[in-house]
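Trainee: Could we go through this one together, slowly? I'd like to learn how to read it.
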Amino acid sequence: MSTDTLPTKRPAGPAAASQDGRHTLRSKRVRGALRTAAFMSPWLVGFGVFFAYPLVSTLYFSFMKYDGLNPPTWRGLDNWTYVFSDLPKFWPAMQNTLWLAVVMVACRVVFGLGVGLLITKIKTGAGVFRTLFYLPYLAPPVAATLAFVFLLNPGTGPVNSLLEAVGIPAPSWFNDAAWAKPALTVLAVWGVGDLMVIFMAALLDVPKEQYEAAELDGASAWQRFRYVTLPNISPIVLFAVVTGIIGAMQYYTQPIVAAKVASGVMGGSGQTFEPGYPDDSTLTLPQLVYNLGFGRFDYGAACVVALALFALSMACTALLMRRRGGLIGSGD
């Protein structure tokens, strides 16, 4: 009999058991991976449709000349050169966005934490104060901005009338390039109810035993806050800062509404409006993306600005996550 026709013998003994074990383990891993993928499929589909595909498309169109009507044509780096070198509004929008991300977010976090500390110390009427501070957050952004523009109107606004009555020089607020961003910051601080509630929950979760131990050691109120309160709520502070910066990078509605109302141009029939009034002081990168894409139909340049905004947001978030220990102290 030829050796080619001899049946192959299956390994016996420990070798066969080891081979079967590896095969069973491999099958279990495959089934586990498929089960995990099935459970993650809604997230994977959402990630692909709403994040990965738009990001890749934005990168693609940033190298194209595209107006939304005609087929895109290759432009290479012309859009990037135009935005970073020849677009006069890009760098003012970048500076304004960074200013709001730093100053406005810092003011909101500090004020929200201060209000949360105050309400947790109040013995009587805490619910009333909590409601009063939270209600402004529920106001629609457009309505709140309209109210602020009229309150801060340099000619007829009650705020300036009160300041003049006590002898304080009244600024022009949204009609003055130097005061427009501080006015937007005041508007943002007015609606700080969301951070107040988050900080209150974190403050009430700090162990009272640590405060008692600190008092027995003779720690002052500032030392108790610095070495007991802040380390315990540091993850919440980091969360507030990161989400605040991401929100500031997307800041669109309030500055554009304030600029339109203050300038007297509401964008009606026959009216054109360039965002940023006064003197580009309220212009942000999201406004510039919208203006380039849907106002001038220059989708290539709009995609470049959008990618710059995305990179800026990622860089700021990565920096905060990397330096969180030095920023807010260790919670260990």
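Mentor: Let us begin with Phe 47, which counts as partly exposed because its relative accessibility is 36%; buried means under 20% relative accessible area, exposed over 50%, and partly exposed in between, with a 1.4 Å probe and protein chains only. Please keep in mind that this is a predicted model, in which local features need pLDDT of at least 70 and side-chain atom pairs count only at pLDDT 80 or more, while totals for chains, interfaces and linings use all residues. Residues are numbered from 1 along each chain as its sequence is written, and side-chain values use heavy atoms, with hydrogens and water left out.

Trainee: Where does Phe 47 lie?
Mentor: Phe 47 lies in helix 1; helices are DSSP runs of H or I with at least four residues, numbered from the N terminus.

Trainee: Which helix gives the most to it?
Mentor: Helix 1 does, with 5 residues, although helix 1 (14-61) and helix 13 (299-322) each supply at least two.

Trainee: New topic: how many salt bridges are there in the whole structure?
Mentor: A search finds 3, a salt bridge being a side-chain nitrogen of Lys or Arg within 4 Å of a carboxyl oxygen of Asp or Glu. In one of them, Lys 89 meets Asp 280 at 2.8 Å, N to O. That pair links distant parts of the chain, 191 residues apart, with Lys 89 in the loop between helix 2 (78-86) and helix 3 (90-121), and Asp 280 in the loop between helix 11 (253-263) and helix 12 (285-295).

Trainee: Is Lys 89 buried or exposed?
Mentor: Lys 89 is buried, because its relative accessible area is 18%, whereas Asp 280 is partly exposed at 23%.

Trainee: What about Arg 108, which residue does it form a salt bridge with?
Mentor: Its partner is Asp 194, and the closest N and O atoms are 3.1 Å apart. Arg 108 lies in helix 3 and Asp 194 in helix 8 (residues 193-204), so this pair ties together parts that are 86 residues apart in sequence.
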